[in-house]
Amino acid sequence: MEQLNSTVVPSNFSSPGHPPAPSWDSRGLVPAMVLSVCFLLGVPGNIAVIILRPNWQHLSRLSQHLMLNLAVSDLLCLLTLPLWIYTLLYGWILGLAGCKLLAYLIYCSLYGSLLTVTMLSVQRYLLVVHLQKRLDQVGKRILALLWLVAVILSVPSLVVRQLMKDRHWINCQAVYSSSTQQVAVQLAETLTGFASISVVAFLYIGLYRKVNEAAFFNNPQTTRLVTSIIVTYFVLWMPHHVINVLGVVAASLGNQDLLKFCDEVSSIVGALAFVNSCVNPLLYAFASRKLCTVCEKRQP
């Protein structure tokens, strides 16, 4: 995320007349703890989904491809977390090229996960509500298009990521050449996120209303399942997009106080987005089993 700013305290940056820099940055402690939990829970969870593929035997081919793609994209994102955890506490050490490439990899993974979740919602809605299976015939093309879009959407991270010196610290962060560039980049990211959240919410609400007409689906467990999918997705991503919107407003108005606030909380809300990669394997594996049962019972 652009919000995962990082700092470093190399000894050679200490200058005469200044006290020695602290050995670690306490401001990164909270997001580092969140990311540590994400790594410890998310990596084994996604690996288990990839190896065991729970309750996938009755899923369509496209559903299986999407579930596997979701687990792989989440795993790729989570595997970068040890470096970000170190960076939040002790600073960036891999230079400008490493800063740009790692940020690009994370964005590709996050966008891949985001688009896969959206596509899963579309595919399940068509399958359950309309008994539509034609998408299975173009499954590989859909995955290729999904990753192509993710790669394109991630390009701004290569452009704006820079190393910045702040007193004794060096930050790997987004540096914008103008307020116009900042507005364009953050607005594009936010609109993509809002569009994805809106599609997921709309389709799952429509899915719930449709299948709830059947007696076999009218039970509290399924209601909680569909609600948890929407609420979890919304809660974990919305803070990040809200801060992006505030950043766009601050850049447009030239409000330095608001920009400072966005920068201070950005690491925390950015870390929350990674939590989604932890809950995805459990949430969607469980959802697949339930919705698969719905599909089977609706077959003529």
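A residue is called buried when its relative accessible area is under 20%, exposed when over 50%, and partly exposed in between (1.4 Å probe, protein chains only). The model shown is predicted, so local features need pLDDT of at least 70 and side-chain atom pairs count only at pLDDT 80 or more, whereas totals for chains, interfaces and linings use all residues. Residues are numbered from 1 along each chain as its sequence is written, and side-chain values use heavy atoms, with hydrogens and water left out.

Select Ser113 to begin. Ser113 is located in helix H4; helices (H or I, at least four residues) are DSSP runs numbered from the N terminus. With 4% relative accessibility, Ser113 is buried. Next, display Asp74: its side chain makes a polar contact with that of Ser113 at 2.8 Å. Such a contact is a pair of N or O atoms within 3.5 Å, where within protein one must be able to donate a hydrogen and the other to accept it, and residues adjacent in sequence count only if both atoms are side-chain atoms.

Remain in helix H4 (residues 95–130) and select Tyr107 and Tyr111, which lie four residues apart, about one turn of the helix.

The aromatic pairs come next. The structure holds three of them. Rings of Phe, Tyr and Trp (its six-membered ring) pair if their centres lie within 6.5 Å; planes under 30 degrees apart are stacked, over 60 edge-to-face, and the rest tilted. Select Trp84 and Trp92: this pair is tilted, at 5.6 Å centre to centre and 40° between the planes. Return to Tyr107 and Tyr111, whose ring centres are 5.9 Å apart with planes at 45°, so this pair is tilted.

Key: Helices (H or I, at least four residues) and strands (E, at least two) are DSSP runs, numbered from the N terminus.
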